[in-house]
Amino acid sequence: MTKKESRQKVYTLLVEVGRSGNDGLPEGASGAALMCYASGVDEAEAVRETVAILKQADLAPLDVSGYGTLDERITEGHDISDDEKDLMARALAENSVIVAQMTPFFDKA
């Protein structure tokens, strides 16, 4: 038997989150931006799965911006490091969502 090729792809998503009770964000932060790599058969599924997982982690997703698949990003001329490619490959292999970077937001007084 031949293994059926997966329709899953990995999408790069930037998720903005607000504050919630047990979100684990630093004290004084008003929210954060999370760079995520999420697998899905399409970008909409990747966004749904990412939002669901972040909510389970007590985060409060406010907005999601999609940047496409690896191939789409390369076509657009994005500079993608080997580390980033490795995380994308891991997300695909594990059929998962990987939060690669978190940048907290602090309001200036």
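Lining the largest pocket are Gln8, Lys9, Val10, Thr69, Leu70, Asp71, Met88, Ala89 and Leu92. Two or more of these lining residues come from each of β1, α2 (70-75) and α3, and α3 gives the largest share, with 3 residues. Helices (H or I, at least four residues) and strands (E, at least two) are DSSP runs, numbered from the N terminus. This is a predicted model, in which local features need pLDDT of at least 70, side-chain atom pairs count only at pLDDT 80 or more, and totals for chains, interfaces and linings use all residues. Residues are numbered from 1 along each chain as its sequence is written, and side-chain values use heavy atoms, with hydrogens and water left out.

The largest pocket holds about 180 Å³ of space. Its lining divides into 5 nonpolar, 2 polar and 2 charged residues. Here a pocket is an open set of points on a 1 Å grid over the protein atoms alone, where a 1.4 Å probe fits, with protein on both sides within 12 Å along at least five of seven lines; lining residues have an atom within 4 Å of a point.

On to the loops. Gly24 and Leu59 lie 35 residues apart in sequence, yet 8.2 Å apart in space, C-alpha to C-alpha.

Asp58, in the loop between α1 (43-56) and β3 (60-69), is partly exposed at 37%. Asp58 has a positive phi, near 65 degrees. Asn95, in the loop between α3 (82-94) and β4 (97-105), also has a positive phi, near 50 degrees.

Notes:
Buried means under 20% relative accessible area, exposed over 50%, partly exposed in between (1.4 Å probe, protein chains only). Grid points are joined across faces, edges and corners, and a volume is the space filled by probe spheres set on the points. Ala, Val, Leu, Ile, Met, Phe, Trp, Tyr, Cys and Pro count as nonpolar, Asp, Glu, Lys and Arg as charged, and the others, Gly among them, as polar.
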